[in-house]
Amino acid sequence: MAKRDYYEALGLSRGAGDAEIKAAFRKLAMQCHPDRNPGDVQAEAQFKEINEAYEILKDPQKRGAYDRFGHAAFEQGAGPGGPGFGNDFSDFMTDIFDTFFGDTRGARQRGAGGRERGADMRYNLEISLEDAFSGKEETIEVPSSIVCEACGGSGAKPGSKPRQCPTCGGAGRVRAQQGFFAIERTCPTCQGRGQIIEDPCGVCSGTGRVTRTRSLSVNIPPGVEDGTRIRLTGEGEAGLRGGPPGDLYIFLSVRPHELYQRDGADLFCRVPISMVTAALGGALDVPTLGGQEVRVQVPEGTQTGKQFRLRSKGMPVLRSRDFGDLYIQVVVETPQNLTRRQRELLAEFDKESSRDTHPESAGFLARVKDFFEGLGGAS
C-alpha cells in the first residue's frame, strides 16, 4: 500500500512553516494517541503515520530531500547512487556534503599521488605608448615555484618513494555513514593526496617544488591598450608533487605620454600656435608615433579648439592592419611680456579693428546690448 503524503497526513500545505508543522502535529497527536483510544487499531496507525511525517518535516535537510524526491529519499537501503536515487539526488547529496563538511570535490580533482595543478600568477608590466604603437619583445624576471630537480617533483627524498595511504587506500578520500547520509570527505591522514611521504626531500621539504626567479620573454603585439592581458600557458607556479603548472597572466599598463592622449586607436595632440599664425595662417610640423613628421596647413583666422584630422596616423588596431587617426587641436596663445613697441603696435591694430576683424566679439556684444534693452522694455 502506497504511503500517504506527509503534508496530507498532517493536514498541511507544502508551504507550511515550522510553527505550523509543530502545531498540527501536537493537535493530531492528542486526538489519536493510543492512551486516548485504547484498542483502536486505526488511531494507532494514524499516530505512527503522523509521527513519521513529523520526524521528516521538522528537519530542514530531510524535508528538503522529501520535497524533491518524495518517499524515495528514505526507502530502506537507498543511498546516493543506490536504489531509489537518480543522478539528481546524488548531486543534491553532494551539495549538502559540501555545505556542511567542506568541499568533497577537491580530493577528486587531485591526480594520483596528490598531484595538484599549480596556481596561476599575475605580473604587472608597464610600457610606453611608443612600445604599444610598435610592439616589442620584453624580458621579465618572475619569482615563482618550479619543479624541484632533486626529487623530480615527487617530494620524496632521492632513492625513496611515497607509500600508499593506509587510511584511504590511495583514494584520497574516506566515507562515513551519518544517519541516512553517506558522507565522503578528504582523507585526514594524507590530506587528499592518497600517498604519504615518510622521507621528504631535503631541498623542497616534500612539496616537490622550490622558489626561483626565472627570465621569461613576452611578445607585446602592436596596438595593445591599457589593461590588456597576455596569457603564458604553463608559466605559472609548478604543481605540487609533479602536478601540472598553472598559467602566467601579464597585465599591461601604458604610461601617459607627454604629447599624445589616446582614445582607443585614435590619438589627440594639443598644439599651441601664435596669434599671428592663427590670424594670417601658416604651417605646423607635427611628429607622429611612427617617427614621421607631418605638415599641417593652418588657414588664416583659425580659432582656439580647431581640430585637424590626419587619417591613419594614430595607433595600430590590435591584430589588424588598420590604424586610427591623429587629431591636432590648436590653441591660440595670447602673447606675454610685451615690449613697449609691441604694445603700441597692438594698440594701433585695435584702433583699426572693426566688426569684420572680430565678428564673434562684435556679435556677442550686440546680443548683450539687445538683452539689456529687452530688460529695460519689460520694466
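Student: Which order do the strands of the open four-stranded sheet follow, and what is the pairing?

Tutor: In this predicted model, the order is β10-β11-β15-β14, and the pairing is mixed.

Student: What makes β10 and β14 edge strands?

Tutor: Each pairs on one side only. β10 spans 260-263 and β14 spans 307-310. From one strand to the next, the twist averages 25 degrees.

Student: How do you know that β14 and β15 count as paired?

Tutor: Pairing needs at least two bridges. β14 and β15 (residues 326-333) have four bridges, in the antiparallel sense. Across from L326 in β15 stands L310.

Student: Why are α3 and α4 called roughly perpendicular?

Tutor: The axes of α3 (residues 41-57) and α4 (residues 60-69) cross at roughly 105 degrees. The range for roughly perpendicular is 65 to 115 degrees. The two helices are therefore roughly perpendicular to each other. Their axes come within 6 Å.

Student: Which residues make that contact?

Tutor: E55, I56 and L57 come from α3, and K62, R63 and Y66 from α4. Three are nonpolar, three are charged and none is polar.

Student: Which residues have the most contacts inside the largest nonpolar core?

Tutor: They are I140, L248, I250, L284, L326 and I328, in a core of 36 residues. A separate core has 20 residues, including L12, C32, I50 and I56.

Student: What does I250 touch beyond its neighbours within four places in sequence?

Tutor: I250 is in contact with Y123, L125, I140, V218, T228, R229, I230 and L232. For contact, heavy atoms must lie within 4.5 Å.

How values were computed: Residues numbered from 1 in each chain as written. Predicted model: local features only at pLDDT ≥ 70, side-chain atom pairs only at ≥ 80, totals over all residues. Heavy atoms only, no water. Axes fitted to C-alpha atoms, helices over the stretch in contact; angles between N-to-C directions. Parallel < 35°, antiparallel > 145°, perpendicular 65-115°, else oblique. Nonpolar A, V, L, I, M, F, W, Y, C, P; charged D, E, K, R; others polar. Core = buried A, V, L, I, M, F, W, Y, C linked by side-chain atoms within 4.5 Å. Buried < 20%, exposed > 50% of the residue type's maximum accessible area, 1.4 Å probe, protein only.
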